Amino acid sequence: MERRDFLKIGAGTGGAFVASFCLPLPAGAAKASAKASAGGAAFEPNVYIRIAPSGTITYVIPFVEMGQGSFTAIPMMLAEEMDVPLSSITVEQAPADEKRYANPVFGMQITGGSASMIAAWKAVRGAGATCRAMLVNAAADTWQCGAQDCATRDGKVVQTATGKQLSYGALASKAATLPVPKDVPPKDPKAYRLVGTPAKRLDTKSKTDGSARFGIDTRLPGMKVAAITHCPVVGGKVRRVDDSKALAVRGVRRVLVADDIVGVVADHYGAARKGLAALVIDWDEGPNAGFSTAAWKASVRDALKRKGIVSKQEGDFAAAKAAPGTRLVEVEYDAPTMVHAPLEPMNCTLHFHDGACDVWLGTQAPVKTQQAIAAVSSVPVEKIQVHNFLIGGDRLRKWPDGLPAGQ
């Protein structure tokens, strides 16, 4: 990777120091990047650091906070390398932009697989170290001394001999005009004061006092609310629906039917739920109609009787079992299946207007969201804006193929 592709520095609005650093791409994506650059359209997955004159550091994070703590752990990496308090870093959710914000582990903009820390570790530390070095150089240039005569502490550069101090905010504009230093090494882990220590999560207060925003908190003027129900059996579909009683509920506007889903659109949630309860739905439960927990457990036990696939073998179990004096202990463990579903009800809010679409939700895959909406509407991907929020748990679900265009 070229150095200029790793870190780009510029003066932002209001004299802010803006640093853009690339996440390392997987091999396949790196080839795609080279091809795109050769064609004149640079393909640069990156995230941004902004240092305002006030000293506030904003980190535009390409990963989604879904309870795993990435909105605290990744800023800790940055705070460690820049020698600032964790509280001085604010987090801003990255927009849907796969060219800039692709997860290097997957080659697409998606949060999953417990990969956020892995993807951010080297890039964020390296960028933080480089930004800190540039701020030190800006202070050294101001004081006409060597960079080695300066130290950083709590968001300030200190001249060690005299005790003079300049905040990062005061140095931001000057730092943006300096050359980018090459190959600035991150801190030695032995010098860590923040990473590896307990820290209060940055999102605890907002989640405790109710100010944290989730997708379900979206409120827009004139907004309608839908409540949906799915076929109770995976693989089943709607056979027919009697919606006469539902449409008679005050506030209910429409009943929508799509493949294995029926939805009631109303003026408010209470009417939507009441309308949903009034529906008479005849489900075609499909090929899994007779499936049950007992049948599933029986299939598992049957599978255990068959020859399995050996992924690794050490020693000779058959010989050890047959050896004199061997005691064989057999135990069967039975654990129930666990539902992979979020605490926050699955939700999204869409607004189609002027040939464009805005969508408010919490999603692990914002670009996939754009593509899903474009596939069932006349709106092109580039005119679909995703407003991403915190996620109350995770579950990826296939967009229903049977959803009529425009609905």
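Helices (H or I, at least four residues) and strands (E, at least two) are DSSP runs, numbered from the N terminus. The model shown in these views is predicted.

**Figure 1. Overview of the protein chain.** The protein chain contains 12 helices and 16 strands. Of its 407 residues, 38% count as buried. Among contacts between residues at least 6 apart in sequence, 66% join residues at least 24 apart. Zero aromatic pairs are found in a search of the whole structure.

**Figure 2. The largest nonpolar core, with 41 residues.** Phe 17, Ile 51, Met 82, Leu 135 and Val 157 have the most contacts inside this core. At least two core residues come from each of β3 (46-51), β4 (57-61), α3 (70-82), α5 (116-143) and α6 (168-175). Of these elements, α5 contributes the most, with 12 residues. Around Met 82, leaving aside residues up to four places away in sequence, the contacts are Ile 51, Ile 57, Gly 128, Cys 131, Arg 132, Leu 135 and Tyr 168. Another core, of 17 residues, lies apart from the largest one; Ala 227, Ala 266, Ala 271 and Ala 278 are among its members.

Figure 3. Ser 70 counts as buried because its relative accessibility is 0%, below the 20% limit for buried residues.

**Figure 4. Leu 86 in the loop between α3 and β5 (89-93).** With a relative accessible area of 11%, Leu 86 is buried, since that term applies under 20%. Leu 86 touches Thr 72, Pro 75, Met 76 and Ala 79, and also Leu 194, Ala 199, Lys 200 and Leu 202, with residues up to four places away in sequence not counted. Although Leu 86 and Leu 194 are 108 residues apart along the chain, their C-alpha atoms are separated by 8.4 Å.

**Figure 5. A charged side chain over an aromatic ring.** The ring is that of Trp 121, and Arg 125 lies over its face. The distance of Arg 125 from the ring centre is 4.2 Å.

**Figure 6. The hairpin of β6 and β7.** Strand β6 (residues 150-153) pairs with strand β7 (residues 156-159) in the antiparallel sense, over four bridges. Within this pairing, Arg 153 stands opposite Lys 156 of β7. Two residues lie between the strands, and Asp 154 takes a positive phi near 50 degrees. In a regular strand the side chains alternate between the two faces of the sheet. In β6, Cys 150 and Thr 152 make up the covered face, whereas Ala 151 and Arg 153 make up the uncovered one.

**Figure 7. The hairpin of β11 and β12.** Strand β11 (residues 252-258) and strand β12 (residues 261-266) run antiparallel and are joined by six bridges. Opposite Val 255 stands Val 264 in β12. The strands have two residues between them, and in the turn Asp 259 has a positive phi of about 60 degrees.

**Figure 8. The open sheet of β14, β15 and β16.** The three strands have the order β14-β15-β16, with mixed pairing. Because β14 and β16 stand at the edges, each with a single partner strand, one side of each is left without a neighbour in the sheet. From one strand to the next, the twist averages 15 degrees. The pairing of β14 with β15 is antiparallel and extends over five bridges. Leu 350 has Val 359, in β15, as its bridge partner.

Figure 9. Helix α12 lies across β14, β15 and β16, and runs at about 140 degrees to β16. The helix, which spans residues 366-375, is mostly covered, with seven of its 10 residues buried. These buried residues are Pro 366, Val 367, Thr 369, Gln 370, Ala 372, Ile 373 and Ala 374. They pack against β14 (349-353), β15 (356-361) and β16 (384-388), and also against α4 (98-101).

Methods
Residues numbered from 1 in each chain as written. Predicted model: local features only at pLDDT ≥ 70, side-chain atom pairs only at ≥ 80, totals over all residues. Heavy atoms only, no water. Core = buried A, V, L, I, M, F, W, Y, C linked by side-chain atoms within 4.5 Å. Buried < 20%, exposed > 50% of the residue type's maximum accessible area, 1.4 Å probe, protein only. Contact = heavy atoms within 4.5 Å. Pairing = 2+ DSSP bridges. Axes fitted to C-alpha atoms, helices over the stretch in contact; angles between N-to-C directions. Phe/Tyr/Trp six-rings, centres within 6.5 Å; stacked < 30°, edge-to-face > 60°. Lys NZ or Arg CZ within 6 Å of the ring centre and 35° of its normal.
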